[in-house]
Amino acid sequence: MLREQVNQLQFVVRVLTRTLDRWRAAIRSPDATLRKVRAVVAESERLPEDR
């Protein structure tokens with residue numbers, strides 16, 4: 001049971017790290033605009049967690 005919880009937490013951390021990396025890349029992009037950053041965030045909200 002504890003191992004399963006640890007595995008679930010590790011998975012969530014990986015998902016959140018990938019999301020943060022995408023957002024950071026969108027923000028740091030040379031052609032970043034608020035509209036583009038918002039689109040990346042909205043896309044992230046639509047993706048399933050188990051991607």
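The dialogue below moves from the whole chain to single residues.

Mentor: Please keep in mind that this is a predicted model.

Trainee: Which secondary structure elements does the chain contain?

Mentor: The chain has 2 helices and 0 strands. Its radius of gyration is 14 Å, well over the 10 Å that the globule rule gives for 51 residues, so the chain is more spread out than a compact globule. Along the principal axes, the C-alpha atoms fill a box of roughly 45 × 20 × 10 Å.

Trainee: What share of the residues in the chain is buried?

Mentor: Buried residues account for 10% of the 51 residues. The accessible surface comes to about 4500 Å², and carbon and sulfur atoms contribute 60% of that surface.

Trainee: Which residues of helix 1 are buried, and against what do they pack?

Mentor: The general idea is that an α-helix has 3.6 residues a turn, so residues three or four places apart point the same way. In helix 1, Val15, Thr19 and Ala26 are buried. The buried residues of this helix pack against helix 2, residues 34-46.

Trainee: Why does Thr19 count as buried?

Mentor: The cut-off for a buried residue is under 20% relative accessible area. Thr19 counts as buried because its relative accessibility is 12%. Thr19 and Val40 are 21 residues apart in sequence, and their C-alpha atoms are 9.5 Å apart in space.

Trainee: Is Glu43 buried, partly exposed or exposed?

Mentor: Glu43, which is found in helix 2, is partly exposed, with a relative accessible area of 40%.

Trainee: How far apart are the mean positions of the positive and negative charges?

Mentor: For the 11 positive and 7 negative charges of the chain, the mean positions are 6 Å apart.

Note on methods:
Residues are numbered from 1 along each chain as its sequence is written. This is a predicted model: local features need pLDDT of at least 70, side-chain atom pairs count only at pLDDT 80 or more; totals for chains, interfaces and linings use all residues. Side-chain values use heavy atoms; hydrogens and water are left out. Helices (H or I, at least four residues) and strands (E, at least two) are DSSP runs, numbered from the N terminus. The radius of gyration is taken over C-alpha atoms; the globule rule is 2.2 Å times the number of residues to the power 0.38. Buried means under 20% relative accessible area, exposed over 50%, partly exposed in between (1.4 Å probe, protein chains only). Accessible areas come from the Shrake-Rupley method with a 1.4 Å probe; for residues, only the protein chains shown count as cover. Lys and Arg count as positive and Asp and Glu as negative; His and the chain ends are not counted. The place of a charge is taken as NZ of Lys, CZ of Arg, CG of Asp or CD of Glu. Contact means heavy atoms within 4.5 Å.
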